[in-house]
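Thanks for making the time this morning. Let me put the model on the screen and then walk you through a few of its features.

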Amino acid sequence: MSQKEKTTIVLFSGELDKAIAAFIIANGAAAYDHEVTIFCTFWGLNTLRKDQPVPVKKGWLERVFGAMMPRGANKLGMSKMNFAGMGPKMIKHVMKKHNALSLPQLIELAREQGVKLVACTMTMDLLGLQKEELMDEIEYAGVAAYLGDASDAKVNLFI
Amino acid sequence: MSQKEKTTIVLFSGELDKAIAAFIIANGAAAYDHEVTIFCTFWGLNTLRKDQPVPVKKGWLERVFGAMMPRGANKLGMSKMNFAGMGPKMIKHVMKKHNALSLPQLIELAREQGVKLVACTMTMDLLGLQKEELMDEIEYAGVAAYLGDASDAKVNLFI
Amino acid sequence: MSQKEKTTIVLFSGELDKAIAAFIIANGAAAYDHEVTIFCTFWGLNTLRKDQPVPVKKGWLERVFGAMMPRGANKLGMSKMNFAGMGPKMIKHVMKKHNALSLPQLIELAREQGVKLVACTMTMDLLGLQKEELMDEIEYAGVAAYLGDASDAKVNLFI
């Protein structure tokens, strides 16, 4: 068990606004010198997807899931006011105007600060996502590893 | 205060994918020998409903709520990619294919492991749900009991 | 660091049912003598809006956001069974029938009990909300202040 304070976030949701909130909290905690883990599961895995299709072998149902789900941080919709894709454009516009970091920049900053990004292997199996389709240099684990981190942490959020 | 580590989950959401996440985390924590409580409130109560209508006396508004809300773990929709009910079928199919436990099996396992399932009495009143309509052998409590458990717990999630 | 137990809630969601859940938990924790903070960010800021338009200078995009988002606790929709606005009416009806406090009353009670209501300044900027448009006598802070509170707290929820 480390001496540092720990913060864990389960990122279950696949929406742009929720992912932004998760990475802002994670970056804040890392700046405070917490050990931070973001455990991406279910739709949260889409945040970790590469934005280009990756040639991998899949069954048809996994292909359907793969095609329907957004490819990466730049393609996510909103939980509210999505307006058929206009909402994300509006939010990205105001974020740029206010010099706020975009989601891909927030993710990059998180990696620079040593935030541990974990893909949930069980839901990768269910949704048919393979390691080649996700960002490089992330970790792969299951619920046991998450609970190990969370039990040591002071701040645990499910987003 | 017990010696065991505690984990609590408020299950507010009534979607299949979120309920699966809640019960996977709960079962993982129970396997780690945590004392685990799932406090079901609002739409999370639907996870605890019996799948057959139960004859109880109700006002008309309670009847409307009762008829509109899904009856139990097998009837829940998805938070994403619901596709008018095709989404849950697809998820159930891939879960079976990967030998993952279904939600009813996850609930059964949770009960075997001693996870405490609690129905929020205040929201039962609001939604017009009666004890006869929910699973047998669960507990009934309010926010005070939840906070008592959560204050002793290391991992507290709102799902 | 105070001797009192602390509870923090990030209120990210802008739906009536989730806001009710947040304020019921907050009021319960305050009744237990916890120091409670509700950090309102993104759509959760709408809970803090005054219900009348306030004349402030804004750009056009901020005006669009302002006009599309609900003005205050009385105007929020539901996360489920919204039925084009009928859902909130039904819930408010059953809450009144069961003598449950309405959301505005829950907020008032929270303020009387000393629950700290905080508006996230970063998302206020993004959504173009100005202090004059939000309730009087709330606090304004960013993620650093939230993390300071959360690190001392036993119960931290993201709603």
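W43(C) has a relative accessibility of 1%, so W43(C) counts as buried, where buried means under 20% relative accessible area, exposed means over 50%, and partly exposed lies in between, with a 1.4 Å probe and protein chains only. F42(C) is buried as well, with a relative accessible area of 2%. Please keep in mind that this is a predicted model, in which local features need pLDDT of at least 70 and side-chain atom pairs count only at pLDDT 80 or more, while totals for chains, interfaces and linings use all residues. Residues are numbered from 1 along each chain as its sequence is written, chains are lettered from A and ligands numbered from 1 in the order in which they are written, and side-chain values use heavy atoms, leaving out hydrogens and water.

How many aromatic pairs are there over all chains? Rings of Phe, Tyr and Trp (its six-membered ring) pair if their centres lie within 6.5 Å, and planes under 30 degrees apart count as stacked, over 60 as edge-to-face and the rest as tilted; by this rule there are 12 aromatic pairs over all chains. The ring centres of F42(C) and W43(C) are 6.5 Å apart and their planes lie at 55°, so this pair is tilted. In chain A, ring pairs join F12(A), F42(A), W43(A) and F158(A) into a cluster.

Now to a helix, a DSSP run of H or I with at least four residues, numbered from the N terminus, as strands are (E, at least two). Helix α3 of chain C, residues 86-97, has 12 residues and reaches 16 Å from its first C-alpha to its last, close to the 16 Å expected at 1.5 Å a residue, the expected span being 1.5 Å times one less than the number of residues. Which residues of α3(C) are buried? They are G87(C), P88(C), M90(C), I91(C), V94(C) and M95(C), and they cover an arc of only 160° around the axis, which puts them on the same side of α3(C); the arc is that of the directions from the helix axis to the C-beta atoms. An α-helix has 3.6 residues a turn, so residues three or four places apart point the same way. On the other side of α3(C), K89(C) and K96(C) are exposed. After α3(C) comes N99(C), whose phi is positive, near 55°.
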